[in-house]
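Subject: Structure handover

Hello,

Here is the structure I promised to pass on. Please open it and keep it beside this email while you read.

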Amino acid sequence: MSWTIDEHPTALQYFASLVQSDENFALMEAAISIAQDAEPDLDLQTVVAEMDRLQVRLQQRLAGESDALQKLSLLNRFFYVELGFAGNLNNYYDPANSYIHHVLQTRRGIPISVALIWLELAASIDLPVEGISFPGHFMVKVLLPQGQVVLDPLSGESFSANRLSERLQPFLDDAGITSDEAAPLGLFLQSAKARDVVERMLRNLQEIHLSQRDWPMLVAVLNRLLLLRPEMAELYRDRGLAYAEWGVADRALLDLERYAQTAQGQEAVFIEKTMENLRKEG
């Protein structure tokens, strides 16, 4: 992949148009478009058309079925058995696991990317489904007449309340939250908003590119996060530091000077020192 310092304005402008309004937030298209940072020539409409084809294939299998539980069974058989979707356990931290078109091609991904495809198919057969931004593992839920069912998007396996509590406990422990202080489990099972879903996808990529020290791709992800969450001043800090590591001092200074207006304490000292070094290098 070749990359230049300049962003791809057309791709970013399109992304901005998809995420500017919560009322008209185009979740699937926004998620698909994230891959344009790695593949600028990706044809988004081709990916949308592939999703449409899968929806038609699923709808043909319903044969007039209206029972929600039977629909769920048909969907999971189609998705996990016939199509073979699952987690990419052999290469979990491959950035491509977050690219919807790649997940469609390989049938492998991470929970959130696989979940988005599953949710899109479920919606096409009028199943009442929603995503759950559960700590550590994105999940999905189905609102059946019999009650709410929480599923693992990588397998279709359902989780009991006890198992969900067990999965949550390590995150509570890491945060130093005792059982008495913990919020009720139901608060962790609330429906994820579309903006939050895209942010989680981008945050996953942010962590991967940072760990791989891939500064151009990290900047690209932060460009999108700033369009998605313009109120988050710390994103200017993160992008400024990424630009500094990349060796793009002028852009690093622009972002860090903006962030320095809100930085406090030891962080403010660190930011000032970083800017001082960048000016010397320039």
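Predicted model: local features only at pLDDT ≥ 70, side-chain atom pairs only at ≥ 80, totals over all residues.

The side chains of arginine 224 and aspartate 37 form a salt bridge, at 2.8 Å from N to O. Where do the two partners lie? Arginine 224 belongs to helix 9, and aspartate 37 to the loop between helix 2 and helix 3 (44-62), so the bridge ties together parts that are 187 residues apart in sequence. Arginine 224 has another partner to look at. Its charged end sits over the ring of phenylalanine 15, 4.9 Å from the ring centre.

In general, side chains of opposite charge can pair when their charged atoms come close. How many salt bridges are there? The count comes to 16. Here are some of them.

Aspartate 22 and arginine 195 meet through their side chains, with 2.7 Å from N to O. Aspartate 22 is in the loop between helix 1 (9-19) and helix 2 (27-33), while arginine 195 is in helix 8, so this bridge links parts that are 173 residues apart in sequence. Are these residues buried or exposed? Aspartate 22 is exposed, because its relative accessible area is 60% and the cut-off for exposed is over 50%. Arginine 195 is buried, because its relative accessible area is 11% and buried means under 20%.

Next, take arginine 163 and glutamate 157. Their side chains form a salt bridge of 2.5 Å, N to O. Arginine 163 has 33% relative accessibility, so it counts as partly exposed. Glutamate 157 has 36%, so it also counts as partly exposed.

A salt-bridge network

Now turn to helix 8, where aspartate 196 is placed. The side chains of aspartate 196 and arginine 229 are joined by a polar contact of 2.3 Å. Aspartate 196 counts as partly exposed because its relative accessibility is 30%. For a sense of distance, pick out aspartate 152. It is 44 residues from aspartate 196 along the chain, and their C-alpha atoms are separated by 19 Å.

A buried aspartate

Aspartate 255 sits in helix 11 (residues 249-260). Its relative accessibility is 6%, so aspartate 255 counts as buried. Which residues does aspartate 255 touch? Leaving out residues up to four places away in sequence, it touches Tyr236, Arg239, Gly240 and Tyr243. With arginine 239 there is also a polar contact between the two side chains, at 2.7 Å.

Aromatic rings

The structure holds four aromatic pairs. One of them joins phenylalanine 79 and phenylalanine 85: the ring centres are 4.3 Å apart and the planes are at 5 degrees, so this pair is stacked. Phenylalanine 79 has 0% relative accessibility and therefore counts as buried. Phenylalanine 85 has 2%, so it counts as buried as well. These phenylalanines are also part of an aromatic cluster, made of Phe79, Tyr80 and Phe85.

Now compare tyrosine 92 and tyrosine 93. Why is this pair called edge-to-face? The ring planes are at 75 degrees, and the cut-off for edge-to-face is over 60. The ring centres are 5.5 Å apart. Tyrosine 92 is partly exposed because its relative accessibility is 28%. Tyrosine 93 has a relative accessible area of 61%, so it is exposed.

Two arginines in loops

Finally, look at the backbone. Arginine 107 has a positive phi of about 65 degrees, although it is not a glycine. Arginine 107 lies in the loop between helix 5 (100-106) and strand 2 (108-109). Its relative accessibility is 18%, so arginine 107 counts as buried.

Arginine 213 is not a glycine either, and its phi is positive too, at about 55 degrees. Find arginine 213 in the loop between helix 8 (194-211) and helix 9 (215-228). Is arginine 213 buried or exposed? It counts as exposed, because its relative accessibility is 52%.

Best wishes

Note on methods:
Residues numbered from 1 in each chain as written. Heavy atoms only, no water. Helix = DSSP H or I, 4+ residues; strand = E, 2+ residues; numbered from the N terminus. Buried < 20%, exposed > 50% of the residue type's maximum accessible area, 1.4 Å probe, protein only. Polar contact = N/O pair within 3.5 Å; in protein donor to acceptor, adjacent residues only side chain to side chain. Phe/Tyr/Trp six-rings, centres within 6.5 Å; stacked < 30°, edge-to-face > 60°. Lys NZ or Arg CZ within 6 Å of the ring centre and 35° of its normal. Salt bridge = Lys/Arg side-chain N within 4 Å of Asp/Glu carboxyl O. Contact = heavy atoms within 4.5 Å.
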